[in-house]
Amino acid sequence: MAKHETPLLDQLESGPWPSFVTDIKRQAEKKPECWDILGVLELSYKERITHWKHGGIVGVFGYGGGIVGRYVDLPKRFPGVEHFHTIRVAQPASKYYSTANLRQLMDLWEKHGSGMTNFHGSTGDIILLGTRTENLEPFFWDLTHDMGQDLGGSGSNLRTPANCVGQSRCEWSCYDTEEACHHLTMHYQDEIHRPAFPYKFKFKFSGCPNDCVAAIARSDVSVIGTWRDDIRIDQAGVKEYVAGNYPANGGAHSGKDWGPFDIQKEVIGLCPTECMWMEGDELKIDDKECTRCMHCINVMPRALRPGADQGATICVGAKAPILDGAQFSTLIVPFMKISKDNDFEELIDFIETIWDWWMEVGKNRERVGETMQRVGLPTFLSVMGIEPIPQHIREPRSNPYIFWKEEEVEGGFERDIIEFRKRHAA
Amino acid sequence: MALSKEELKDAIEEKATKSPKPQLYIKDFYKCDPDSKPRVIKNVANEMVRDGRLMFWSSGSTTMYAIPGRIQNEEGA
């Protein structure tokens, strides 16, 4: 039985698509506090103002993240959501769940919270929506002791690292994303659970340039698998595709008749750097021009594979739109070996060099990508001790000035002006 | 020369107590000892939270520090 009249929200159930209003009403039959979510949202639609208060001091003992305080500003009218805190639970690597684990988690959340969830937040965590302050510690105890799971990151912490399915299921993965993500998660427990930075900081690990976890769009350090030798070509496989014996794109898009496969039109003609051609019935690639867009490999997976000398490209500085608009991460290291044999030492050194600089130079609530933009890429590269390379340059310079450093100029900046004037009269 | 850990804790507490703003960013504490590395200051501030001398306030995206009692607890507010 509905507790509040919700005519505006009811309209959202009338379309052909699934409605969150229906979902919340269904949940409210079990958890009456969910009626108050609908009530407060209906009021916000009418008054065009939010009734949620922002932030709070809630948390669990020893942690400075993972719980986001949420309160409503009309607690007498909507007592069910007087406290409605969000809990972020770290997702398993690659988001592999057993149904037993999901059932246990849901039982736990029905016991201690509203039962409402968001699978998953943009960082990758399991988001559990709505509980009271007094339920936080009991929930945390059961989560950690009975389920062996942990809270994720929030606030100015390192956020829960995320990775694609990697080599567990994907033949294109150029390094073990699960191992890398797990190792760094364990290595940086303090940074995940306690605030450390001027603002949030995210890692994401994608095994190949298809970038299935959107590392380049969302993470401050994007570790994206790549290779530095040549794409491996099976010419017999190419012939099978050309003959129409293998379905393009692994059979995806097969719900419609697209006509016979045309390698010229569907692969060679779509190569962004035009580095492919046919010689007779053999496919040729000028690999030094390849930008690892993955299109040809995606279309002909049984004929083309990433090269064998594999590692990752490291890009820095992505963020979703907040103040300044969305920003992709910028290429900093074109190729780095990512290996557990040395405990990911090179990657860890790279990350900590960024942190040491950003913690000092970054402004409050400034993502590292914004700091980079503010100081300029040359300064950032110099901080990182990285020599500029052509791939760092987005476009040719638009002004003729070159700002030399004194150490780059023979003899420094000190000049004998009298000697100079002998040769260049004023 | 960098302050000792106890001196740094006292300086942070004084800063958090006297600041007109009840909640401070971690960077606000850097000024308590310009000779200490940001990571050292962060570790000391987090230790003070464990000791109950400071507390976290989080918006969800950003975390700030405050002296217990200087900020309003939203519960019952």
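Student: How many bridges join strand β8 (residues 203–206) of chain A to β9(A)?

Tutor: This is a predicted model, in which local features need pLDDT of at least 70, side-chain atom pairs count only at pLDDT 80 or more, and totals for chains, interfaces and linings use all residues. Residues are numbered from 1 along each chain as its sequence is written, while chains are lettered from A and ligands numbered from 1 in the order in which they are written. Strands (E, at least two residues) and helices (H or I, at least four residues) are DSSP runs numbered from the N terminus, and two strands pair if DSSP finds at least two bridges between them. β8(A) and β9(A) run parallel, and the number of bridges that join them is four.

Student: In which sense do β9(A) and strand β14 (residues 310–316) of chain A pair?

Tutor: Seven bridges link β9(A) and β14(A). W227(A) has Q310(A) as its partner, and V221(A) has V316(A). The sense of the pairing is antiparallel.

Student: Which residue of β15(A) is the bridge partner of C315(A)?

Tutor: Seven of the seven residues of β14(A) are buried, so this strand is largely enclosed by the rest of the structure. β14(A) also pairs with strand β15 (residues 330–336) of chain A, in the antiparallel sense over four bridges. The partner of C315(A) in β15(A) is L331(A).

Student: Which elements do the buried residues of α6(A) pack against?

Tutor: The buried residues of helix α6 (residues 177–187) of chain A are T177(A), E178(A), A180(A), C181(A), L184(A) and T185(A). Seen down the helix axis, they fall within an arc of 165° (taken over the directions from the axis to the C-beta atoms), so they line one face of the helix. The elements they pack against are β7 (162–163), α7 (189–193), β8 and β9 of chain A.

Student: At roughly what angle do the axes of α12(A) and α13(A) cross?

Tutor: Axes are lines fitted to C-alpha atoms, for helices over the stretch in contact, and angles run from 0 to 180 degrees between N-to-C directions. Angles under 35 degrees count as roughly parallel, over 145 as roughly antiparallel, 65 to 115 as roughly perpendicular and the rest as oblique. α12(A) and α13(A) are therefore roughly perpendicular. Their axes come within 11 Å, and the crossing angle is roughly 75°.

Student: How many nonpolar residues are in the contact of α12(A) with α13(A)?

Tutor: Residues are in contact if their C-beta atoms, placed from the backbone, lie within 7 Å. Ala, Val, Leu, Ile, Met, Phe, Trp, Tyr, Cys and Pro count as nonpolar, Asp, Glu, Lys and Arg as charged, and the others, Gly among them, as polar. I354(A), W358(A) and V361(A) of α12(A) meet V368(A), T371(A) and V375(A) of α13(A). One of the residues is polar and none is charged, and the nonpolar count is five.

Student: Which elements give two or more residues to the side of chain A that touches chain B?

Tutor: The contact takes 26 residues from chain A and 22 residues from chain B. By class, the side of chain A has eight nonpolar, 13 polar and five charged residues. The elements asked for are β1 (52–54) and α12 (345–361) of chain A.

Student: Which residue of β3(B) stands opposite Q23(B)?

Tutor: Chain B has an open sheet of three strands in the order β1-β3-β2, with antiparallel pairing. Two bridges join β1(B) to strand β3 (residues 63–66) of chain B. Opposite Q23(B) stands A66(B).

Key:
Two residues are in contact if their C-beta atoms, placed from the backbone, lie within 7 Å. A residue is buried if 20 or more other C-beta atoms lie within 10 Å of its own, exposed if 12 or fewer, and partly exposed in between; C-beta atoms are placed from the backbone.
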